[in-house]
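Colleague: I'm new to reading protein models. Could you walk me through a few features, step by step?

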Amino acid sequence: MSEIEQVLSGVGPRLKALRRERRMTLGALAESTGISQSTLSRLESGQRRATLELLLQLARAYQVPLDDLVGAPAVGDPRVRIEAKETNGMTTMALSKRPGQPQAYKLVVPPRGEVDLKVHEGYEWMYVLDGRLRLVLGDRDMVLGPGEAAEFDTRVPHWFGAADDYPVEVLSLFGKQGERAHLRAKAGKG
């Protein structure tokens, strides 16, 4: 039996089960949908194939999505496919595709050479996923490990790279000047 035939053969039992869950008689359902009792009975027993018109009326009467009536197979692949790009010696993966701010990126930062401070408009929040990140902000030089985060105004001269001989993985949120990343945590009940 093909996948489509399997889906179609399951419609009748699904319709009958839904009607019984709702404690409706065939007569009451016929009255609310305008579909004859005979047609409803044949649909539920599998003696008649449901048309789109009938299914739409039934979905409306039961107030459920059409997919619930037919048990449609899942469509599409839910996996996110991220395209990695090489930028300034780093591997960058855009995690947000919507225009506007802020933008989210995963960065894989290799060991880098000399510190070369840069400035530009914006505000950045960085979270270390794996490895050790060396971050230079103005005259401050610090190393962040996994689970540590930093946020800063990118008009402050800054530079970052791996703190040792291994690449570092970083989650970065970058926004327009004045937009700050704020983490909110719900207070747990203790």
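Modeller: Happy to! Keep in mind that this is a predicted model. Glu44 belongs to helix α4, residues 37-45.

Colleague: Is Glu44 buried or exposed?

Modeller: Buried means under 20% relative accessible area. Glu44 has 9%, so Glu44 is buried.

Colleague: Now a whole helix. Which residues are buried in helix α5?

Modeller: In α5, which covers residues 52-62, the buried ones are Leu54, Leu55, Leu58, Ala59 and Tyr62. Looking down the axis of α5, these buried residues fall within an arc of 130 degrees, so they line one face of the helix. Leu52, Glu53 and Arg60 are exposed on the other side of α5.

Colleague: What do the buried residues of α5 pack against?

Modeller: They pack against α2 (11-21), α3 (26-33), α4 and α6 (66-70). Take Leu58 as an example: leaving out residues up to four places away in sequence, Leu58 touches Leu15, Leu29, Thr33, Ile35, Leu40, Leu43 and Leu69.

Colleague: How many residues are in the largest nonpolar core?

Modeller: That core has 18 residues, and those with the most contacts inside it are Leu15, Leu40, Leu43, Leu58, Tyr62 and Leu69. Helices α2, α3, α4, α5 and α6 each supply at least two residues of this core. The largest share, 5 residues, comes from α5. There is also a second, separate core of 15 residues, including Leu135, Ala150, Ala162 and Val170.

Methods:
Residues numbered from 1 in each chain as written. Predicted model: local features only at pLDDT ≥ 70, side-chain atom pairs only at ≥ 80, totals over all residues. Heavy atoms only, no water. Helix = DSSP H or I, 4+ residues; strand = E, 2+ residues; numbered from the N terminus. Buried < 20%, exposed > 50% of the residue type's maximum accessible area, 1.4 Å probe, protein only. Arc of directions from axis to C-beta. Contact = heavy atoms within 4.5 Å. Core = buried A, V, L, I, M, F, W, Y, C linked by side-chain atoms within 4.5 Å.
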